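Morning. Please have the structure open.

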Amino acid sequence: MRIAICDDDLSLDKQLRQFIHETYRDIDMLIDIYNSGEQFLNKISSSKIIYDLVLLDIEMNEVSGLKVATELKKTFSNTHIVFITSHDEFALTGYEVSAFRFLVKPIQAPKLLEAIEAVKKQILDKRTIQVQDMDRQTILYVNDILYLEAQNKNVKIVLREQSLYDKNGIDFYTQCLVSDDFYRVHRSYLINFNYITFIEKLNVQMANGDLIPISRLRKKLFDEAFQSFVKRTAR
């Protein structure tokens with residue numbers, strides 16, 4: 001997930017970046033900081049970087065956050081904009097550029113996490129992968145995958161109602177799904193945290209009832225990653 005923080009308060013920018021990095025240690029988060037609207041617009045114009053989420057201060061000097069958002073939406077309509085503001089009344093102007101959320105300063109950690117998780121869910125709900133199942137190509141929504149199991153050089157992809165097979169190995173999918181709430185609990189298993197029903201000793205049960213072994217060597221790191229996931233997504 002790629003995030004931009006655009007605010008002329010440098011100390012706040014650094015605090016937000018540090019908090020997000022510490023909270024999402026188990027996920028590949030790329031975070032860029034911009035200290036002015038002009039700097040941000042120049043960067044996306046010259047490099048064509050595509051951000052999933054932009055945390056954007058409305059009340060910046062010279063180029064306002066609303067102006068930045070208007071220009072951003074012209075080229076990157078799928079980017080989610082979360083406005084940061086010191087005043088509630090500015091929230092009304094955000095509807096002009098389809099703002100996704102509003103965060104009022106001082107920013108509360110639960111509100112920030114809720115916004116990030118909501119963006120992540122929307123991305124995952126739309127994200128697809130192409131699977132070469134035997135001689136047939138199938139398009140799958142990533143969020144529908146419960147877990148993957150290595151079988152020789154291939155991988156078994158388990159959904160709620162069916163299983164598919166793909167010639168790409170589990171190492172390929174571990175890299176492919178690194179930002180999508182998946183975790184490698186065993187050399188042969190990659191599971192989706194969202195479908196865990198319970199954990200017991202060195203086993204985890206998935207939503208379809210399947211028991212997946214947890215490697216003893218990976219158990220401590222798995223527990224830490226899962227607790228991090230629970231804290232982020234708890235409501």
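Buried here means under 20% relative accessible area, exposed means over 50%, and partly exposed is in between, with a 1.4 Å probe and protein chains only. By that cut-off Ser188 counts as buried, at 17% relative accessibility. This is a predicted model, where local features need pLDDT of at least 70, side-chain atom pairs count only at pLDDT 80 or more, and totals for chains, interfaces and linings use all residues. Residues are numbered from 1 along each chain as its sequence is written, and side-chain values use heavy atoms, with hydrogens and water left out.

Ser188 sits in the loop between strand E11 (182-186) and strand E12 (189-192); helices (H or I, at least four residues) and strands (E, at least two) are DSSP runs, numbered from the N terminus. Beyond its neighbours within four places in sequence, Ser188 is in contact (heavy atoms within 4.5 Å) with Leu148, Glu149, Ala150 and Ile170.

Next, Thr79. The loop between helix H3 (65-75) and strand E4 (80-85) holds Thr79, which is buried at a relative accessible area of 3%. What does Thr79 touch, leaving aside its neighbours within four places in sequence? Tyr51, Asp52, Val54, Leu72 and Lys73. The Thr79 side chain reaches the backbone oxygen of Tyr51 at 2.8 Å.

Last, the helices. H4 (residues 109-126) and H6 (residues 219-233) pack at an angle of about 100°, their axes 9 Å apart. Axes are lines fitted to C-alpha atoms, for helices over the stretch in contact, and angles run from 0 to 180 degrees between N-to-C directions. Leu113, Glu117 and Lys120 of H4 meet Lys231, Arg232 and Thr233 of H6.

Terms used:
Polar contact = N/O pair within 3.5 Å; in protein donor to acceptor, adjacent residues only side chain to side chain.
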